[in-house]
Structures are given as C-alpha cells and as structure tokens.
Amino acid sequence: MPSTMRKPFNPIEAAAVQAAVERAQTGQASQIGPDLALHSHDVELRWVEAVLRHRLSLHSLGRPIGIRTRDDDTHPLVADGVHFPAVALSISFADRTLDFLATYDDRRRLVFDLLAPCALCGKPVPTEEINSLGDLADYLLQSRGLAGSARQRTSPAHAADCPARGD
C-alpha cells in the first residue's frame with residue numbers, strides 16, 4: 001500500500017480494508033446476502049390498493065369499501081416480465097364482485113384493468129382499462145366507446161386455443 005495513505009481509518013474505512021485483506025487471503029469477495037427491500041411485500045400491496053382507492057375516488061362515497069389485494073400468479077407486473085406478479089384486487093358487493101388487475105403499461109404507468117370473462121373462452125382476462133370512477137361508469141353503462149384493455153389480447157389467462165389470444 002502506498003505510504004501516503006491516511007491513517008488511522010474511520011470504522012467504515014477500517015472495515016473496507018479488512019474486507020480487502022480477507023478477499024486477498026481467500027480469493028473470494030465478502031458474502032453480504034440479498035439487498036434489503038425498501039418496502040415489505042404487504043406495503044407494496046397496500047400501496048397499489050391505495051392508488052385504486054384514489055383513482056376510483058372511493059373516499060368520496062362516505063363509507064368503507066373493502067378491497068382484497070393479492071398477487072396474480074397468471075399475469076406479470078410488467079409486460080414481458082417474469083420476476084414480479086401483477087396485483088389482483090377485488091371489491092365485493094352483495095350481488096357481484098368487481099375484479100381488477102394492476103400492471104404497468106408500456107409507458108411504465110400503473111394501470112388498472114377490469115377483469116371479465118373472455119367472450120370466446122370464458123376465462124377472466126383484462127377487458128377494459130379503468131383508471132377513474134368515470135371510466136367504470138362508462139363501462140357499466142356502455143355510455144361511450146371505450147378502447148378496451150391493451151393487455152386483453154396478450155393475457156396468459158386465455159385458454160391455450162382461444163382465438164382472442166394474440167402475440
């Protein structure tokens with residue numbers, strides 16, 4: 001080591017020098033384990049739920065609305081992604097349940113798709129992108145032409161032989 005190196009070392013510098021010595025002696029880098037997550041998995045699910053509550057303005061209804069949030073083992077969080085599952089959200093009522101899928105679109109925006117049975121295979125697939133209470137009303141009332149979900153054709157939830165399944 002150069003004689004011009006400053007001594008004594010602070011605790012971080014001393015640990016760094018010790019790690020370098022051990023690496024030189026063993027030929028192996030220090031084992032530090034996996035990086036810590038910024039948030040826990042539960043916090044991430046609650047965050048996605050909070051975004052859906054905000055987008056649908058559920059706080060304006062003046063009563064608690066329960067949302068069940070879980071990993072979706074069928075769809076990836078990011079298109080062509082395999083590491084992280086999308087988030088499935090369900091809002092249950094006495095007569096039916098609204099099921100949503102949260103993923104990131106091609107512009108890396110968090111989007112919510114309403115899941116509904118495919119007209120051809122009957123499997124629940126992303127049917128309509130719903131990012132506001134108005135979008136949901138338009139879907140329910142069929143009051144204006146909506147564009148549908150960009151993820152409908154590529155959904156891995158379609159039956160293998162479903163003609164609606166695209167590339």
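I began with L56, which touches I91, F100, I130, S132 and L133 once residues up to four places away in sequence are left out. I kept in mind throughout that this is a predicted model.

Next I looked up a second, separate core, which has five residues, among them C118, A157, A159 and C162. I then turned to the largest nonpolar core, which has 19 residues, and noted that L52, L56, L89, I91, F100, A102 and F112 touch the most other members. The elements that give two or more residues to this core are α2 (41-55), β2 (85-92), β3 (97-104) and β4 (110-117), and α2 gives the most, with four residues.

**The sheet**

I looked up the strand order and found an open sheet of five strands, β1-β2-β3-β4-β5, with antiparallel pairing. Its edge strands are β1 (68-76) and β5, each of which pairs on one side only, and the twist averages 40° from one strand to the next.

**Helix α3**

Which residues of α3 (residues 133-141) are buried? I listed D135, L136 and D138. Seen down the axis of α3, these buried residues fall within an arc of 160°, so they line one face of the helix. I then asked which strands the buried residues of α3 pack against, and the strands are β3, β4 and β5 (124-129). After the helix comes Q142, whose phi is positive, near 50°.

**The chain as a whole**

Buried residues make up 31% of the 167 residues in the chain. I looked up the accessible surface as well, and it comes to about 11,500 Å², of which 55% belongs to carbon and sulfur atoms. Finally, among the contacts in the chain with a separation of 6 or more, I noted that 37% are accounted for by residues 24 or more positions apart.

Definitions and conventions:
Residues are numbered from 1 along each chain as its sequence is written. This is a predicted model: local features need pLDDT of at least 70, side-chain atom pairs count only at pLDDT 80 or more; totals for chains, interfaces and linings use all residues. Side-chain values use heavy atoms; hydrogens and water are left out. A nonpolar core is a set of buried Ala, Val, Leu, Ile, Met, Phe, Trp, Tyr and Cys residues joined through side-chain atoms within 4.5 Å. Buried means under 20% relative accessible area, exposed over 50%, partly exposed in between (1.4 Å probe, protein chains only). Contact means heavy atoms within 4.5 Å. The arc is that of the directions from the helix axis to the C-beta atoms. Accessible areas come from the Shrake-Rupley method with a 1.4 Å probe; for residues, only the protein chains shown count as cover. Two strands pair if DSSP finds at least two bridges between them. Axes are lines fitted to C-alpha atoms, for helices over the stretch in contact, and angles run from 0 to 180 degrees between N-to-C directions.
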